[in-house]
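Please open the structure in your viewer and keep the selection panel at hand.

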Amino acid sequence: MNILVTGATGLIGKALLPHLNHDAITVLSRNPTRAYQSLGHHIHAIDSLDNLENLDQFDVVINLAGEPIMGKRWSDNQKSIIQHSRWDLTQQLVDKINNGTNPPHTFISGSAVGIYGDNQDKSIDETTPITVNDNDFSQQVCLRWEQIALQAQSTQTRVCILRTGIVLTKQGGALAKMLLPYQLGLGGKIGAGNQYFPWIHLHDMIKGILFVLNHADAQGVFNFTAPNPVTNKAFSQTLATALKRPHFLCTPAWVLKLGLGESSQLLLDSQRALPNKLLAEGFHFSFPSIEQALKQTLCD
């Protein structure tokens, strides 16, 4: 297949590309030279879609691009960067898909479980109605992101939306940031620790993308989260145990809010998200429990 990938140098994209080595891969990157250095010279890198009237030359588009939502305070400028890094590129891809006469048969686009907002201990899946909160920034980002992506849905193109949880890998993301304090014996729950932590092992993330790619009947939204979400307290205890370190400290919610501002909601909100649609389609998780997922991740 001819596949166009955005966000290919990111955490998920970089892990995905080796599994597409029998396909012709075009990568959209602001820096093609860096993309070749990072991903290898078997790909074709372009720095813009402007010269493409449509995307008819591609069979599949996988859209993983977006400014990381964690790591920086949500100033007005940072919020704008987060929004437009997702919305603008996705709109451009959708417009070019819709401009074609023989468009890609599959459009896979990112999202996040933050779209559900804070659901405390309520189990949620793809059928759960979303209670819109105009003050929930991450929810608003995802709502618009998905609305744009779904505009590509047609009789010729199926759209799959990946509502992703926290991706577990030592190579980057949330877990990589957490490891050092835990290794120093400074790990502990965040706030009350009762908030649910929707997670997925990187291996299952990639396996899931390949699954929806290769199952022509798969379409719509999918929760990319493991089938056994755990509370922050349980996750924290399991991580400390896996590292053979103590677990007695606590980061109060007010400290997080003081240090991170509005973005602290990413750590304090609760999404007990279940991947019921993936499971119904026949997908099998390699790492369904947090104990085996962390054990494998930390042994890599």
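A disulfide is a pair of cysteine sulfur atoms within 2.5 Å, and by that criterion the structure holds 0 disulfides. This is a predicted model, in which local features need pLDDT of at least 70 and side-chain atom pairs count only at pLDDT 80 or more, while totals for chains, interfaces and linings use all residues. Residues are numbered from 1 along each chain as its sequence is written, and side-chain values use heavy atoms, with hydrogens and water left out.

Select Cys142 and Cys160 to begin. The sulfur of Cys142 has its closest cysteine sulfur in Cys160, 17 Å away, which is too far for a bond. Cys142 is buried, with a relative accessible area of 5%, whereas Cys299 is exposed at 63%; buried means under 20% relative accessible area, exposed over 50%, and partly exposed in between, with a 1.4 Å probe and protein chains only.

Next, select Val212 and Phe224, which touch the most other members of the largest nonpolar core, a set of 32 residues. Such a core consists of buried Ala, Val, Leu, Ile, Met, Phe, Trp, Tyr and Cys residues joined through side-chain atoms within 4.5 Å. Among the elements that each supply at least two residues are strand E1 (2–6), helix H6 (202–214) and strand E12 (220–224), and H6 gives the most, with 8 residues. Helices (H or I, at least four residues) and strands (E, at least two) are DSSP runs, numbered from the N terminus.

Now colour helix H7 (residues 232–242) and helix H11 (residues 290–299), whose axes come within 10 Å and cross at roughly 40 degrees. Axes are lines fitted to C-alpha atoms, for helices over the stretch in contact, with angles from 0 to 180 degrees between N-to-C directions. On the H7 side the contact (heavy atoms within 4.5 Å) is made by Phe235, Thr238, Leu239 and Ala242, and on the H11 side by Ile290, Glu291, Leu294 and Leu298.

Gln120, in the loop between strand E5 (106–112) and strand E6 (123–124), has a positive phi of about 50 degrees and counts as exposed at 56% relative accessibility. Lys244, in the loop between H7 and strand E14 (249–251), also has a positive phi, near 55 degrees, and counts as exposed at 72%.
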